[in-house]
Each structure stands twice: as structure tokens, then as C-alpha cells.
Amino acid sequence: MQSDFDVAVIGGGPAGSTAAAYLAMAGLDVALFESEIFPRPHVGESFVPATTPVLLETGAMEEVDAAGFPKKYGAAWTAAYDLRVPSNGFAGISHRLTAEVQFVERDQPGVDRDYTFHVDRGKFDLILLKNAEAKGAHVFSGVRVLKVDLDDPEQVTLTCRMGGKEVGFTAGMVVDASGRGTLIGRQRKLKVSDPVFDQYAVHTWVEGLDREKLATQPEEADYIFVHWLPVRDSWIWQIPITETVTSVGVVTQKRRIREFGGSSEEFFWHMAESRPELLEVLKGARRVRPFKTEGDYSYAMEQICGDRFVLIGDAARFVDPIFSSGVSVALNSARLACKDIIAAHRAGEGYGKERFAAYEAKLRRAVSYWYEFITIFYRLNVLFTAFVKDPRYRIDVLRMLQGDVYDGEEPRALTLMREVLKSVENDPSHVWHPFLGSLRAPTAMPQF
């Protein structure tokens, strides 16, 4: 039976466009279906260096470089208040739980520069979509996939809305990159709510934010900043978008905005008021976009692949964005999945689930590292600060912060942090026990 395409990709965000580019470059006949017309706004505006090798491999880096996005040389975390924190044998611990890193401190395989990017996702995603098309993918913009029929053992049928009509397309297999809409995940009831994280974000863009006033050093002004609030499990992001425009957003537990009862804008300012020095700088900027909200910050899927389908990017898994992992997972999940898809296509023996075993194993492992690292960070902030500031462990932590988690063994920093956290949790007399937060990991970690 002759299908319309070898592979159909649902979604033109970073995961879908990257997958379509890889597959087209390998000679497959690929269709990409995107329901929106780009450019369109999107969160997830700050990257980690693990995105660089994928952008280079797919040929998108030249256009990304030319776009003039702000370069991201590092990241910083600020504390809401001073604390008297016992050193517990770690060097560099002080009374204030601040931390910062520079990517140049560690060489990363496949990364040819000491920076990554902050981006306007509307522009960045359009660059990747156009790159996929330039590589030979058939791009259908403004076409929504309504249903995926996987019952036929020979091919997949997609029912799409195109120009007010329903149209069918067939393909040998489908790649679901539909983002947090998780088309196949919803259709097959695969989505699993995260038992630990129930985070929610309220965000906007502002112009004229005095970034230097919030930085410890002038050269750090264009880092991504995570400003912890004196409210449990809550923080504000600060991401440069242009020389004058900055993305800012509050992340907190969803229940807090329900309990607050006011508008999203009122809630944002209510949370910002808990950091007076931050509030003063925010008030000095001019808002240039409406406030928006984001939910579903962490979830898993019971399956990420099956006969004739794989899920990539946010359609497969999403974890709390505090370490800017979203686009890295999108691009690298596309890279890993496409290796298996291309091999299956060349073997000519179909796209059975077993063909995607390598992808499944690597993505499970990589995202589990991200998830545990993030939950440990929430559970015991002082532990993260101790590891970042101690010369014995700093480079190991930086490997995680660079997103270098997809190949090789478990990051040493994660192994050691897990051991320290366990000792703190199991000993009420431990000097760090009073600093434990409410989130627990990794026992509640959802499985794919």
C-alpha cells in the first residue's frame, strides 16, 4: 500500500521542525502539519548549550546566528533573604544562597562556542520551520490534525482540518510533536499528571528593565536570572529578549492563584511584592505584552512510542522549566528519535515499537536526570548552592546545567547530590534538615 508520505510530523515547534529537517536530510518524504501560522508567541525563551549540536547538524545555526538573539553566557539564581547556613563541609557556602555559572567553564562535546541564546520564540520557531522546509520537508501551515488512526498495520491515517474541510493523509508512521496539547497522548489516554509539581506561570514582556541593577556583576546582566521569592516553591524568571525587552514570569503552585482570587496581572504584582528590591526594578519598566498564564508544567506519558508512532518534545514529557530544559529536550528528543526512524526506514521492515528502543531508553534516562535534578533543587536549595560553589563539584553541576545528559553515564553531581539529600532527609538532627522544602524526590517521580 502506497502512503502519501514516509513520515508525518504533527507540530511545527522546535521538536517537530527539527525532526522534519533530520528526516528530510536523510531522504525521507516528510510532511509537517502545524495548526498555527508562524510567527506566534511562545514561552521557553532561554536555552542551554545542549541545543547547539542539533542546530549545527540540521543547518539551522547560520540563520539563528544571523537573527541577532541575545547571547547567553551563563545563569544566576538570587535569594529572597539572608540565612545563616552551616557549611556542612562544603567550600563557598555563605549566608546568602546566591549562585551563578558560566558555560565557558566546561568544554562540552559538539558545542563550538561559550554561549547559547535567549530568543523571541516567535522568530526562532519560524527559523526552524523554514529550515525544515528548505531541507525538503512538506510544510502545511494552518492545518490542524484532528485525529490519528493507528489501527492499520501498514500505515497511519491523519484526519486534518484544511481550509474548513476535513482531509485525510496517510504515512508510514507519525511523529507527535504537538507540544503540551499532546494529541496522541490525549487520544490514547497516555498522559499522567505529575504527583509532585503542580506549577503555574504568569508572564509578560517588559521594556526598559534595568538588568544591571539586579545583577551581581555588570557582565552578568544578560544572564538568565531565577529570583527566588520568600514564598515556598516560587520564583520569577528574567530573560533578555532584545537589548531593551525582557521576559519576566512568576512560577508558583497552582493552588496559590486559585486562593488569591484576583486577575493574573494582580497576582503577578502580588507575588513580586514579596521581593521589594525586585519589585522596584519591575515597576520601572513598561509592559509591552499582555499577561499570559501557563499550566501543565510537569507531566509524563505512559508510552512515548509504539507501533508506527513516537512522541517527542513536550508531547512526550515536560518538567519544570527552572533550568531552561524545554527546548533542549525538544531538539535532542527529535535527534534521538530520528536516528531510530531513519534506521527503520532503511531496513524496510516497518516501524514497529521495537525499532524505537534506543530512543526510548535514552530519552527516559535523560529526562529522569533533569527531573531528579530539578526536584532536588526545590527540595534543598542549599545543596544546589553548595555544589555550585564548591570547586570539587562545580564542573559536575555545570554538566547538568549545560544539558549534557543525553549520552554517557549519569552525571556524577546527581549521584552525589542524591546521597547528601538522603542523609539530610533521614537525620532530623542534620544541620541542613531545617532547610528542607516540601517537595520530595525522586520517590514520586512519574514513569513513562
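Modeller: The lining of the largest cavity consists of Val 48, Lys 72, Ala 75, Ala 76, Trp 77, Phe 103, Ile 224, Val 226, Ile 322, Phe 323, Ser 324 and Leu 401. The model is predicted, with local features requiring pLDDT of at least 70 and side-chain atom pairs pLDDT 80 or more, while totals for chains, interfaces and linings use all residues. Residues are numbered from 1 along each chain as its sequence is written, and side-chain values use heavy atoms, without hydrogens and water. A cavity is a set of points, on a 1 Å grid over the protein atoms alone, where a 1.4 Å probe fits but cannot get out; lining residues have an atom within 4 Å of a point. The volume of the largest cavity is about 90 Å³, a volume being the space filled by probe spheres set on grid points joined across faces, edges and corners. Strands S4 (74–78) and S13 (224–228) each contribute at least two lining residues, and S4 gives the largest share, three residues. Strands are DSSP runs (E, at least two residues), numbered from the N terminus. By class, this lining has 10 nonpolar, one polar and one charged residues; Ala, Val, Leu, Ile, Met, Phe, Trp, Tyr, Cys and Pro count as nonpolar, Asp, Glu, Lys and Arg as charged, and the others, Gly among them, as polar. The count comes to two cavities of 30 Å³ or more.

Technical notes:
1 Å grid on protein atoms, 1.4 Å probe; cavity = no way out; pocket = protein on both sides within 12 Å on 5 of 7 lines; lining within 4 Å. Helix = DSSP H or I, 4+ residues; strand = E, 2+ residues; numbered from the N terminus.
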